[in-house]
Structures are given as structure tokens and as C-alpha cells.
Amino acid sequence: MKIFNKYIMGAMVASAAAFTLQSCGLDEYNPSAEGANEVFATPQGMENLVNQMYYNFRWKYYGREDPVLYMEGSGDIWQNRAGGYEYGMQLTRCVNLQGDRGQIANVWNRVYDNINDCNAVINRLPDCIGLSEAQASSFEGEARFMRAYCYWWLVEFFGDIEMRTEETSAAVFTAYRTPAKQIYDEVIIPDAKSAASLLPVNPYNGDVGRSTQKAAKALLARVLLTRAQYEAQGSAEQNAFYEQALAAANDVINNKSSLGIKLYNTYDEIWQAKNNKTNTEFLWVTTFSSNASLDADSKPNRVYRYFSPSLVGNAGITNTATSWEYPSEGRLMMPTYYFMKLWQDWDARYDAIFQEEFPENAPRGFTWNADQAGKYNLPGLVGKKVTKDKTVLYFTNKSLSQEEEDAYTAKGIATVDIDKLYKTEAVNSYGGAKVRNPNSKYPDLDPNTTTYIAESFPRFMKYRIWDRDPNGTFLLAAPNGQFGFGDVPVIRYAEMPLVAAECMIALGRTAEAATLINKEIRNARVVRPGHNLSEAQVKASDMTIDWILEERARELCGEWLRWFDLKRILGPQGKFAATILGRNPSMAGDDCRQEYHTLWPIPNTFLDKLQNAEEFGQNPGYDPYVRN
């Protein structure tokens with residue numbers, strides 16, 4: 001099966017003479033006048049234009065730092081690591097978040113770029129000569145899928161924005177807001193429906209990374225569920241959208257085989273590197289290539305680095321040209337106490353996506369000295385030797401008794417349990433607790449905490465592209481480098497049963513919701529050895545919207561949805577900010593998260609270019625726009 005990277009970059013090179021990207025007005029795609037009509041009227045030119053729609057997802061988004069900060073780190077299950085409390089704080093905690101942030105402008109500009117590419121494809125397809133019926137259908141379906149996805153993204157981030165469905169090829173200096181509901185009803189939902197009927201089951205030309213029928217059907221379910229929140233709670237209008245979203249999700253659930261979806265026998269297999277490039281549960285991915293010349297830049301997928309504790313340099317652990325198990329650490333995010341307490345003893349998903357035990361990788365082993373033992377406040381470690389491949393660090397979400405800690409120390413294993421890491425004596429009513437941060441500028445100091453303890457937490461493993469399976473799957477460019485080329489899932493099958501269950505709960509069909517969850521999510525593959533399936537199974541009485549939000553945290557953590565989930569579920573209740581602050585109290589004490597942060601600020605760079613900027617206006621809560 002071919003990977004899509006080379007086709008995207010091939011398109012960039014092949015059509016470079018035919019078009020350029022300009023940053024004016026809405027920063028949209030702007031073909032040069034000379035030859036553009038002729039080029040895009042050919043099958044190859046049209047395919048190049050279709051390929052261009054995918055470029056920004058690899059260059060700016062999935063696999064990169066900023067989306068980790070604003071899609072995952074801005075919620076309740078991840079927080080800034082203790083040693084990087086202020087890093088990216090405008091995105092993670094909304095501290096001083098205003099329209100002048102470059103990251104906000106990047107989202108606005110690049111996603112609107114994509115929309116204009118989509119408009120160009122849709123508008124120009126009728127004039128393209130020589131396309132086969134299959135090509136025309138796939139190209140239109142891909143454009144409508146991408147336009148629906150991009151408008152969903154922009155509307156959820158920015159609210160009422162300008163809706164454009166025609167290609168813009170010259171600078172535009174006026175813009176007018178369109179109500180979010182109208183954009184959903186006239187573009188997002190119709191485009192997703194059209195894409196579901198136009199797209200093939202298998203990606204066009206076998207190119208992994210293109211949208212397909214299963215991706216479009218899943219997107220339709222997602223956007224219909226989101227659209228329901230724009231109606232009054234419990235109204236007939238809202239219930240109609242829940243019914244439609246339920247039908248769309250069931251369309252995927254009940255047709256897995258015909259859509260090419262196959263569930264793995266174990267949850268862990270979803271995330272094994274050997275399954276990354278041909279994953280049968282990923283419905284849409286952003287692809288990356290082992291050939292650097294085919295990626296958007298020289299450092300493509302780096303997402304695996306961003307959820308790591310402090311490992312390299314501690315307890316003899318090294319990052320060398322052969323140490324694949326300890327790749328380069330970016331160390332941005334750590335789990336919140338609330339998130340760590342969501343897991344139950346039977347849940348094998350925790351074992352699959354969090355690593356607690358870390359083996360020694362020094363060839364000659366490691367002997368603890370006073371300096372290294374002092375990092376963890378464990379003087380009893382001094383003199384203890386740990387041989388290569390034996391556990392030397394143990395960071396756990398459990399509470400260890402003194403006897404248990406002493407037993408680990410006797411084996412030369414440094415431990416950091418949940419009570420050492422978080423202030424568990426001060427858990428609030430939302431289930432949140434602060435990290436015992438040693439930074440002296442914080443008032444809640446713990447003299448027994450060190451910098452190393454504050455950054456010692458279970459390692460997130462969904463993006464563990466450093467696996468070396470028996471077939472030789474190597475998805476890191478180099479173990480001591482800073483990037484890899486594993487594909488990044490953007491839509492995954494498990495979202496569909498959760499969408500369906502959320503709709504059923506809203507419609508009062510809790511027994512059906514429980515049955516579906518037990519079949520599709522809480523089945524035997526998520527149960528740890530030694531536990532019974534009955535421990536994982538749910539009842540109708542469990543089926544509440546709060547349970548859904550918790551289960552989506554467990555199942556979909558790190559998959560680019562948490563901010564959207566919190567906004568969709570808590571925003572209409574007016575509980576968005578209070579819940580995030582309660583579950584992630586590391587945010588407290590700043591001029592940070594407020595209820596109006598369910599929308600982002602309109603970028604100043606966009607408003608500066610408008611003749612009617614004051615009329616377009618800034619979003620509520622942010623500093624009013626003032627022209628320089």
C-alpha cells in the first residue's frame with residue numbers, strides 16, 4: 001500500500017510553476033494568472049491541486065507541537081510539565097491570550113488556505129478534461145471532506161466566521177461573519193454527506209492519507225453531534241440532530257467489514273509501530289515518510305516527544321545511536337491528577353498507553369550514587385546496582401506504602417508514586433490536585449520535592465514509534481534525533497461507539513447505550529489478565545454525559561479531541577472554565593481560563609487587512625480590535 005507523502009510533495013514540485021501561496025486577505029490559495037486555468041483543466045493538474053489540500057496538516061498540525069498545546073494541553077487531562085509551567089501558557093492556560101498570538105494566526109491562515117484549495121477543486125472540476133468518473137468522484141469527495149473538516153475546526157475555534165464557497169484568487173479586503181449554525185447547515189453537514197457518498201472505500205490510487213468513505217462517514221457523525229449543541233437543551237431540534245448523528249455513527253459501526261475496518265484482538269496492537277502504516281482502526285491519518293525530501297520539512301512527526309517524563313540523564317539512562325527505547329524528549333505535557341485517577345485496576349488500556357517501569361539501558365548497568373539517589377530523595381538507593389534491561393525507575397499512578405517503596409529501593413528501583421507527585425492531601429471537589437512543584441515562586445512548596453520528582457510520571461505511549469518489532473519496523477529517523485515518520489491518526493474507530501452512546505443518552509436510551517459500549521468499547525480486549533469482563537461492563541444507570549466525558553478521556557486521550565469534547569459537553573452548561581480549572585488546578589492563580597475561552601480570538605493580522613475590521617469585530621472577552 002502506497003503512502004501519500006510522495007504524492008503531496010510531488011504535487012508541490014510539479015505544479016510550482018503553475019501556482020503559488022499568497023498571504024493576503026484570508027491567506028488563501030492564489031494561483032498565478034499565467035497558465036493556472038490550463039494546468040488545472042488537466043487530470044494531472046487537478047490531482048496536484050487535490051494533493052495540495054493535505055499539505056498543511058503535515059506541515060503545521062498533526063505531529064507538531066502547537067496542536068498538542070491547544071487541543072490537548074488546554075483541557076483537564078494534561079497540564080504543563082512542572083519544569084515548563086510557563087511554556088506555551090497562552091495556549092495551554094490562556095494566560096494573556098489575545099489576537100496577537102502567532103499560533104492563532106497560523107490556524108486561521110493555514111486552515112483557510114485549505115478551504116480555498118477545496119473551493120478551487122470543487123469549482124474547477126467541471127472544466128477538467130479527461131478525468132475518469134472514478135477520479136472525478138474521488139477528487140470532489142476529498143475536497144468536500146476536507147472543506148467540512150476545516151470549517152468544523154474553524155467554527156469550533158472561532159465561532160461565527162466568514163463562509164466562503166468560491167475560490168479566491170486575489171486579495172480580499174472585506175469580510176462578513178456568517179452564523180455558525182448556518183455554516184454547519186449549508187456547508188459542513190452537506191459536504192460531509194456528499195463526501196460519504198462520493199468517496200471510495202479504498203483511498204484513491206492506494207495512497208494512504210487520502211480521505212475515504214469511512215473517514216467521511218465518521219466525520220459526518222462527529223459534526224452532527226457537535227451541531228446538536230447549538231440548539232436548546234432537550235429541544236426537538238436538538239434531538240433531531242442527535243438522531244442523525246446516531247444514524248451516521250451506526251452506519252460506521254454496523255458496516256465495519258465493508259468499510260475496511262477491522263478491530264485488533266488486543267488494545268495494545270492499535271499502538272504498536274508495526275501496525276502504524278496499515279492500521280485497520282485508523283479512519284484517517286496524516287502521513288509522514290522515511291524519505292525526508294517527501295515531508296513538509298526536515299523534521300516531520302515529533303508528537304512522540306511531547307508527553308515524556310524526565311528519563312534521559314537519570315539513573316544511568318542514556319539516549320544514544322542505539323538506545324531506541326529512550327528517544328529524544330520534548331517534555332511538554334504531563335497527566336493531571338484527575339486523569340491518573342480515572343483508571344481502574346481492570347483496565348488494560350492503561351497498560352497499553354502508559355509506561356510505568358523503565359529499564360536500565362547502560363551496557364554495564366548502573367550503580368546508584370548519592371547525587372542520583374538525591375534526585376528522588378531516596379538515600380537508601382546509594383550503592384545499589386541495577387543490571388542492563390532491569391527496571392531502574394518506577395513512576396506510577398498508584399499509592400505505594402512505605403513497605404512497598406522500601407522493597408523497590410532494596411532492588412535499586414527509584415519510585416515516584418501518585419502521592420509524591422501530586423498534593424493528594426489537597427484534592428478538590430472536581431477531583432483535581434496540584435503537582436508538588438519545587439519552583440520557589442509558587443506558594444504551595446513541598447520541601448521534600450525535587451525537580452526530578454515533579455517531572456517523574458508515567459510515559460504516554462500511544463505514539464511510541466520507537467518500537468522495534470521482529471519485522472523491523474523503525475519509525476524513528478534516529479534514536480537520538482528529534483523526529484520520526486510514523487503516521488498520526490486524526491480519526492479513529494473508537495470515536496464512533498462513543499458518539500452513538502452520547503446520542504443515545506441524550507435521547508433517553510441508556511440501556512441501548514450500555515449495550516453498545518459493552519460490545520464495542522468495554523469488551524474483553526480492554527481487561528487485564530486476572531480480571532473479569534464483568535468488571536469492565538457498564539449498566540444503563542452508568543450512562544450519563546459525565547461518564548461519556550470520562551470515557552472519552554480514557555479511550556481518546558492524546559487524539560486531538562479533548563478541547564472539542566470539553567467545549568461541546570460543558571460549554572452549553574456554562575461549566576467549561578470551572579471544570580477545567582477544578583480538574584487542572586495548576587492553571588489557577590493566573591489571569592487564565594475563562595468561560596469565554598470556548599472561542600479563540602480573531603487574529604489581529606487578519607483584522608489588520610480588512611477595511612471593515614471594526615464591523616467584523618473581535619470575539620467576546622478579548623481586547624477590542626483597535627487599528628494601528
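Me: How does the radius of gyration of this protein fit with a compact globule?
Reply: It agrees: a compact globule of 628 residues would come out near 25 Å, and the protein has 25 Å. Keep in mind that this is a predicted model.

Me: OK, and what does the C-alpha trace span along the principal axes?
Reply: About 75 × 55 × 50 Å.

Me: What's it built from, in helices and strands?
Reply: There are 26 helices and 15 strands in the protein.

Me: How much of it is buried?
Reply: Buried residues account for 62% of the 628.

Me: Then which residues have the most contacts inside the largest nonpolar core?
Reply: Those are W153, W368 and L393, in a core of 196 residues. Helix α8, residues 133-158, gives the largest share of this core, with 14 residues.

Me: Back to W153, what does it touch?
Reply: Leaving out residues up to four places away in sequence, W153 touches F57, Y61, Y62, Y70, M71, V107, V111 and F564.

Me: What share of contacts join residues at least 24 apart?
Reply: 72%, counted among contacts between residues at least 6 apart in sequence.

Definitions and conventions:
Residues numbered from 1 in each chain as written. Predicted model: local features only at pLDDT ≥ 70, side-chain atom pairs only at ≥ 80, totals over all residues. Heavy atoms only, no water. Helix = DSSP H or I, 4+ residues; strand = E, 2+ residues; numbered from the N terminus. Rg over C-alpha atoms; globule rule 2.2 N^0.38 Å. Buried < 20%, exposed > 50% of the residue type's maximum accessible area, 1.4 Å probe, protein only. Contact = heavy atoms within 4.5 Å. Core = buried A, V, L, I, M, F, W, Y, C linked by side-chain atoms within 4.5 Å.
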